[in-house]
Amino acid sequence: MTLAAALQAHKAAPQRGPRCKVCVILGTLNAKDRAALDAAMADASFTSVAISAALQAEGYDIGPQPLQRHRRGDCRGV
């Protein structure tokens, strides 16, 4: 198999498992809060721990690891 074929096969592979927690949360937010979370996620001065703490203070059950995966683009559901 060539590298090009392997990459294409990986791209076409279906996602397994539950959706990304961050993606789920983003889908529940109003436009202002979603924009604020998107901006914080894109800003390297906000740590995933700090974002997690802010979300937890608002009642969301999320730790820093799902935020880190989402920021890297390694989540399921982007």
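What share of the contacts in the protein chain with a separation of 6 or more comes from residues 24 or more positions apart? The answer is 53%, for contacts with a separation of 6 or more, where contact means heavy atoms within 4.5 Å.

This is a predicted model, in which local features need pLDDT of at least 70 and side-chain atom pairs count only at pLDDT 80 or more, whereas totals for chains, interfaces and linings use all residues. Residues are numbered from 1 along each chain as its sequence is written, and side-chain values use heavy atoms, with hydrogens and water left out.

**View 1. Overview of the protein chain, with five helices and zero strands.** Read along the sequence, the pattern is α-α-α-α-α, helices (H or I, at least four residues) and strands (E, at least two) being DSSP runs numbered from the N terminus. Of the 78 residues, 24% are buried, a term that stands for under 20% relative accessible area, with exposed meaning over 50% and partly exposed in between (1.4 Å probe, protein chains only). The chain exposes about 5600 Å², of which carbon and sulfur atoms supply 56%; these areas come from the Shrake-Rupley method with a 1.4 Å probe.

**View 2. The cysteines C20 and C75.** A search of the whole structure finds zero disulfides, a disulfide being a pair of cysteine sulfur atoms within 2.5 Å. C20 is in no disulfide, and the nearest cysteine sulfur, that of C75, lies 3.6 Å away.

**View 3. Helix 4 (residues 48-57) against helix 5 (residues 64-72).** The axes of helix 4 and helix 5 come within 8 Å and cross at roughly 120°, axes being lines fitted to C-alpha atoms over the stretch in contact, with angles from 0 to 180 degrees between N-to-C directions. Helix 4 and helix 5 are therefore oblique to each other. The contact is made by S48, V49, I51, S52 and L55 of helix 4 together with P64, L67, Q68 and R71 of helix 5. V49, which lies in helix 4, counts as exposed because its relative accessibility is 53%; V49 and Q65 are 16 residues apart in sequence and 8.5 Å apart in space, C-alpha to C-alpha.

**View 4. Helix 2 (residues 21-28) against helix 5.** The two helices pack at an angle of about 85°, with their axes 8 Å apart. That makes helix 2 roughly perpendicular to helix 5, given that 65 to 115 degrees counts as roughly perpendicular, under 35 as roughly parallel, over 145 as roughly antiparallel and the rest as oblique. K21, V22, C23 and L26 of helix 2 make the contact with P66, L67 and H70 of helix 5.
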